[in-house]
Amino acid sequence: MNNKKCLYCEEPILVGRSDKKFCSLSCKDAYNNQKSLRKISDRSSHEKIIHQNYKILRKLCPKGHGTVRKSTVEEMGHNDLAKRCSVP
Ligand SMILES: [Zn+2]
């Protein structure tokens, strides 16, 4: 018995190839659209963090270069984006 479910609507997939992931073309499109929107949203939030980090560093180093303590930038709200990122 095939217990596979559609990745989008979670209805059972009753017909088709054994590796079929979606019950219909519309579910496949909706799933992929949702996935694309999620990527755009992640990118947008990363851009906000980068902009905020830039503002903090610009405030601490108005000439564009210099050395600051990590604890100082962290206290000002600098976000270590590298800690948040994960490579699939
Ligand atoms: Zn479906």
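The model is predicted, so local features need a pLDDT of at least 70 and side-chain atom pairs count only at pLDDT 80 or more, whereas totals for chains, interfaces and linings use all residues. Residues are numbered from 1 along each chain as its sequence is written. The secondary structure of the chain comes to 3 helices and 0 strands, where helices (H or I, at least four residues) and strands (E, at least two) are DSSP runs numbered from the N terminus.

**Confidence**

- The chain averages a pLDDT (the predictor's confidence in each residue, from 0 to 100) of 87, and 90% of the residues score at least 70.
- Among the elements of the chain, α1 has the highest mean pLDDT, at 91, while helix α3, residues 81-84, has the lowest, at 64.

**Fold and burial**

- Read from the N terminus, the elements of the chain follow the order α-α-α.
- Buried residues make up 2% of the 88 residues in the chain; a residue is buried if 20 or more other C-beta atoms lie within 10 Å of its own, exposed if 12 or fewer, and partly exposed in between, with C-beta atoms placed from the backbone.
- Of the contacts in the chain with a separation of 6 or more, 23% join residues 24 or more positions apart, two residues being in contact if their C-beta atoms, placed from the backbone, lie within 7 Å.

**Helix α1**

- Helix α1 is hardly covered, as the count of buried residues among its 36 residues is 0.
- At 1.5 Å a residue, the 36 residues of α1 should span 52 Å, which agrees with the 53 Å between its end C-alpha atoms; the expected span is 1.5 Å times one less than the number of residues in the helix.

**The segment before α1**

- E10 lies in the segment before α1 (25-60), and its phi is near 65°, a positive value in a residue other than glycine.
- E10 counts as exposed because 9 other C-beta atoms lie within 10 Å.
- P12 also lies in the segment before α1, and P12 is exposed because it has 12 C-beta neighbours inside 10 Å.
- The C-alpha atoms of P12 and F22 are separated by 9.1 Å, with the two residues 10 residues apart along the chain.
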